[in-house]
Amino acid sequence: MGRFALRTGLRWKVSLAIAAVSTLVAVVLSLVVHNAARVSMLDNSRTVMDERVKVAQRWYEQSRVLGFGAKLDDPRLPEQLKKEAWRGQRATYLEDSGTGTPEVWASVPLRNGKVLSVHTKFQDRFAVLNDLDRVLLIGSVAVVMGGIALGVLIGDQLSRRLRKAATAARKLAEGDSEVRVREAIGGRVRDETDDLARAVDGMAEALQQRLEAERRVTADIAHELRTPVTGLLTAAELLPPGRPTELVRDRAQAMRTLVEDVLEVARLDGFAERAELQEIAVAEFIARRVRAVAPDAVINVARDAHVSTDPRRLERIMGNLLANAARHGKPPFEVTVEGRVLRVRDHGPGFPEELLKDGPSRFRTGSKDRAGTGHGLGLTIAAGQARVLGARLTFRNADPVLDGTDRSDGTDGECRGAVAVLWLPESAPTNTGSFPIIEVPD
């Protein structure tokens with residue numbers, strides 16, 4: 001079971017990061033402002049109550065009148081104020097239950113030994129604090145929403161530049177040597193994306209120069225070998241009949257075929273090949289060509305289709321797939337036509353794991369079971385020609401037949417064979433050499 005990976009866009013990651021920071025800042029600032037305002041209001045309330053108790057003391061001492069709701073020896077007087085009064089000290093006390101508006105007390109000892117006290121709740125002042133909390137909440141929500149919007153804008157710009165860079169890099173990988181990542185992302189802003197783009201462009205140019213140099217060397221060597229190989233083949237025809245002559249002719253012909261294949265691979269690697277399109281009926285074309293190169297192959301037509309493609313290149317692909325099946329597989333050989341999907345199957349040991357994992361590679365013929373003769377260029381040429389057609393060539397092995405016997409390779413049963421599938425495109429390649437995307441179902 002594969003590991004589940006959650007993939008999210010960069011702009012949403014940036015937005016969430018900015019939103020988290022905005023939320024943290026808004027909450028911290030709101031708490032600081034709320035606590036500062038509350039402390040200020042409480043300090044101011046205690047100051048007011050201290051002034052009131054002093055005025056109430058003067059009134060009482062002058063006229064024996066209790067003002068501001070003052071009381072003498074109030075039984076509800078907090079113990080802290082009683083202690084301060086015994087010491088002869090005027091004091092204030094804040095009675096806060098944690099819920100609702102706190103009650104503020106003030107007391108002063110009188111000459112006759114009594115304690116004069118006043119207390120009240122500043123409802124109006126703390127109502128202002130509630131209003132302040134609502135304003136802070138609204139402001140915090142506005143800051144968070146603004147942070148999210150800003151994060152989306154910043155993240156979208158960065159994500160758009162990265163998507164453009166990825167698209168340009170894919171075009172480079174597909175062989176479009178004219179594409180440059182820095183030109184693709186554009187923009188006046190210079191950031192780390194530009195550094196990445198320049199690094200990719202530099203790497204692509206260096207790799208392209210190296211590949212072009214290798215392709216030219218390969219093509220030059222093959223081209224230079226063509227003339228002496230042709231002369232060798234002509235000279236072999238002049239030898240007297242006999243087994244040695246047949247061996248010389250066979251090896252000379254094999255060398256000539258190898259030289260032609262290397263030249264073809266070099267041309268395909270240069271991405272300069274273009275398809276010459278014709279409208280063909282797939283089933284009739286495949287049946288005629290397969291009977292010519294593999295008379296014993298079984299042809300199954302599930303449904304026919306008409307496509308615009310290059311018949312010569314399509315014939316080359318099918319010929320190479322059948323030749324590979326004949327060289328490395330076992331009969332019967334089956335060719336199935338399902339509209340635009342063509343399958344070539346044998347009943348041999350199957351494709352090697354290296355080919356299934358990395359695709360066809362020149363001068364690698366695979367495992368020992370499928371080694372035999374050849375230089376590993378057949379499937380490489382088939383894949384290159386499929387790319388020119390805008391098609392896709394895939395390789396897989398059929399399900400094994402389990403017979404319960406132990407094999408020398410450590411597996412039970414026998415492989416049903418190798419399957420090569422050619423997916424022809426819905427639309428033909430354009431004149432500019434671009435290729436449509438082939439959607440391959442799972």
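Guide: Helices and strands are here DSSP runs, a helix having at least four residues and a strand at least two. The model before us is a predicted one.

Visitor: How many helices and strands does the protein have?

Guide: The elements are numbered from the N terminus. Counted in this way, the protein has 10 helices and 13 strands.

Visitor: Over residues 135-154, what share of the chain is helix, and how far apart are the end C-alpha atoms?

Guide: The UniProt record, an unreviewed entry, places a "transmembrane region" at residues 12-33 and 135-154. Over residues 135-154 the chain contains 0% strand. The helix share is 100%, and the end C-alpha atoms are 28 Å apart.

Visitor: What is the distance between the end C-alpha atoms of residues 12-33?

Guide: Residues 12-33 are also listed by UniProt under "transmembrane region". This span is 100% helix and 0% strand. Its end C-alpha atoms lie at a distance of 31 Å.

Visitor: Is Leu 153 buried or exposed?

Guide: Leu 153 belongs to helix H3, which covers residues 123-173. A residue is exposed when its relative accessible area is over 50%. Leu 153 has 60% relative accessibility and therefore counts as exposed.

Visitor: How far apart in space are Leu 153 and Trp 12?

Guide: In sequence, Leu 153 and Trp 12 are separated by 141 residues. In space, C-alpha to C-alpha, the distance between Leu 153 and Trp 12 is 10.0 Å.

Visitor: What share of the residues in the protein is buried?

Guide: Buried means that the relative accessible area is under 20%. The protein has 442 residues, and the buried share of them is 34%.

Visitor: Of the contacts with a separation of 6 or more, what percentage joins residues 24 or more positions apart?

Guide: A contact requires heavy atoms within 4.5 Å. Among contacts in the protein with a separation of 6 or more, residues 24 or more positions apart account for 64%.

Visitor: Which element gives the most to the lining of the second largest cavity?

Guide: The structure holds two cavities of 30 Å³ or more. The second largest cavity has a volume of about 40 Å³, and its lining includes Arg 289, Glu 315 and Met 318. Helix H7 (282-293) and H8 each supply at least two lining residues. The element that gives the most, with four residues, is H8.

Visitor: How do the lining residues of the largest cavity divide into nonpolar, polar and charged?

Guide: The largest cavity holds about 60 Å³ of space. Of its 11 lining residues, those closest to the centre are Leu 321, Asn 324, Val 344, Asp 346 and Phe 351. Helix H8 (311-328), strand S9 (341-345) and strand S13 (418-423) are the elements that give two or more residues to this lining. By class, the lining residues are seven nonpolar, one polar and three charged.

Visitor: Which element gives the largest share of the lining of the largest cavity?

Guide: The largest share of this lining amounts to three residues. The element that provides these residues is H8.

Visitor: Where is Pro 332 found?

Guide: The peptide bond from Pro 331 to Pro 332 is cis, with omega near 0°. Pro 332 is found in the loop between H8 and strand S8 (334-338).

Visitor: Why does Arg 64 count as exposed?

Guide: Arg 64 is in the loop between helix H1 (10-63) and strand S1 (71-72). Its phi is near 55°, a positive value in a residue other than glycine. Exposed means over 50% relative accessible area. Arg 64 counts as exposed because its relative accessibility is 56%.

Visitor: What is the relative accessible area of Asp 73?

Guide: Asp 73 has its place in the loop between S1 and helix H2 (79-86). Phi of Asp 73 is near 50°, which is a positive value in a residue other than glycine. Asp 73 is partly exposed, and its relative accessible area is 39%.

Visitor: How far apart in space are Glu 183 and Arg 198?

Guide: Glu 183 lies in helix H4 (residues 181-185) and is exposed, with a relative accessible area of 65%. Along the sequence, Glu 183 and Arg 198 are 15 residues apart. From C-alpha to C-alpha, the distance between Glu 183 and Arg 198 is 9.6 Å.

Key:
Residues are numbered from 1 along each chain as its sequence is written. This is a predicted model: local features need pLDDT of at least 70, side-chain atom pairs count only at pLDDT 80 or more; totals for chains, interfaces and linings use all residues. Side-chain values use heavy atoms; hydrogens and water are left out. UniProt positions are given in the numbering used here, feature names are shortened, and annotations may be inferred rather than shown by experiment. On a 1 Å grid over the protein atoms alone, a cavity is a set of points where a 1.4 Å probe fits but cannot get out, and a pocket is an open set with protein on both sides within 12 Å along at least five of seven lines; lining residues have an atom within 4 Å of a point. Grid points are joined across faces, edges and corners, and a volume is the space filled by probe spheres set on the points. Ala, Val, Leu, Ile, Met, Phe, Trp, Tyr, Cys and Pro count as nonpolar, Asp, Glu, Lys and Arg as charged, and the others, Gly among them, as polar. Buried means under 20% relative accessible area, exposed over 50%, partly exposed in between (1.4 Å probe, protein chains only).
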